[in-house]
Amino acid sequence: MLEFSGIPRPERLIDENGRRIDGRRPDELRPIKMEVGVLDKSDGSAYIEFGGTKVIAAVFGPREAHPRHLALPDRAILNCRYHMTSFSVEERKPLGMTRREIELSKVIREALETVTFLEEFPRAAIDVYVEVIQADGGTRTAGLTAASLALADAGIPMADLIAATAVGKVDGHLVLDLCDLEDKYGEADMPVAMAPRFNSIVMLQLNGRMAIDEFRRALALAQKGINEIYKLQREVLKRKFSELSPEEV
Ligand code: ADP
């Protein structure tokens, strides 16, 4: 049996009472913390925790695109960097960008592009940084959720926020918001991101196998989690903007 991060597979991922290794029910999200405007030096920022997964996102721009030849005449370029800090995982992650991080940067950018009104800022660039401080499963979905909050915090016009979570199959049960061990030792892992206002899926990946009926139920489970996350996102933004004085808005 393969061991990940030195942690062997628990004998069971779901116990006789239907509880998961961290005590959650199958359809339960991890405890969530969310905050916007956590950094002073960027135009927008957000911090998110989903259990042990901790992510910070920062946005710069819109500002003039450099080098100039990369600028587009009809819209802004969205640059996105997803990165895991060396101390975010048990075995120090190598410095620099791995292939996985380059791929996830692209996946996150493509999802954000679906909701951001880039055409309002021709010749400009918007930079989005997603920094994983601690990884315990679901960093791409936490990163996307945080990045959309940071864009909104920067005042960038958007058609909707993006809310995301992963669903999966462990010991034959469909579960919401997988932690690292469930991700590693489960049968399937399906990150899903949505623009909930339009009921539109902006990112969906599937690692592992599910029957078509399981896929449908998993998608409905993801949607339930996404609606809960979306509600928190809107609350946190409303709180931030209602606290601002009229001069700051
Ligand atoms: P996601 O974080 O979006 O679920 P993956 O499915 O690729 O993305 O990774 C699952 C989990 O595996 C991560 O959240 C993290 O806990 C762990 N992980 C990813 N990369 C590494 C790494 N280089 N070293 C140790 N653990 C890692």
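Which residues lie nearest the centre of the largest pocket? Select Met-84, Val-89, Arg-100, Asp-180 and Lys-184 and you have them, out of 30 lining residues. Before going further, some ground rules: this is a predicted model, so local features need pLDDT of at least 70 and side-chain atom pairs count only at pLDDT 80 or more, while totals for chains, interfaces and linings use all residues. Residues are numbered from 1 along each chain as its sequence is written, and side-chain values use heavy atoms, with hydrogens and water left out.

**The pocket**

A pocket here is an open set of points on a 1 Å grid over the protein atoms alone, with protein on both sides within 12 Å along at least five of seven lines; lining residues have an atom within 4 Å of a point. The volume of the largest pocket, about 770 Å³, is the space filled by probe spheres set on the points, which are joined across faces, edges and corners. Colour α1 (99-113), α2 (139-153), α3 (180-185) and β8 (188-195) next: these elements each give two or more residues to the lining. The largest share, 4 residues, comes from α3. Helices (H or I, at least four residues) and strands (E, at least two) are DSSP runs, numbered from the N terminus. By class, the pocket lining splits into 11 nonpolar, 8 polar and 11 charged residues, where Ala, Val, Leu, Ile, Met, Phe, Trp, Tyr, Cys and Pro are nonpolar, Asp, Glu, Lys and Arg are charged, and the others, Gly among them, are polar.

**The cavity**

To find its lining, select Arg-30, Phe-50, Gly-138, Thr-141, Ala-142, Ala-164, Thr-165, Ala-166 and Asp-177. Both α2 and β6 (163-170) give two or more residues to this lining, with the largest share, 3 residues, from β6.

**His-83**

Jump to strand β4 (residues 77-84), where His-83 is found. His-83 counts as buried because its relative accessibility is 13%; the bands are under 20% for buried, over 50% for exposed and partly exposed in between (1.4 Å probe, protein chains only). Show the side chain of Glu-131 too: it makes a polar contact with the side chain of His-83 at 2.5 Å. (That term means a pair of N or O atoms within 3.5 Å; within protein, one must be able to donate a hydrogen and the other to accept it, and residues adjacent in sequence count only if both atoms are side-chain atoms.)

**The core**

Pick Leu-112, Ile-126, Val-128, Leu-144, Leu-149, Leu-151 and Ile-162, the residues with the most contacts inside the largest nonpolar core, which has 62 residues. Such a core is a set of buried Ala, Val, Leu, Ile, Met, Phe, Trp, Tyr and Cys residues joined through side-chain atoms within 4.5 Å. Helix α4 (residues 212-243) supplies the largest share, 9 residues.

Last stop: zoom in on Gly-61 and Pro-62, joined by a cis peptide bond with omega about 0 degrees. Pro-62 lies in strand β3 (residues 53-64). Another cis bond runs from His-66 to Pro-67, with omega near -10 degrees, and Pro-67 sits in the loop between β3 and β4. Finish on Arg-123, which is not a glycine but has a positive phi of about 65 degrees.

Methods: On a 1 Å grid over the protein atoms alone, a cavity is a set of points where a 1.4 Å probe fits but cannot get out, and a pocket is an open set with protein on both sides within 12 Å along at least five of seven lines; lining residues have an atom within 4 Å of a point.
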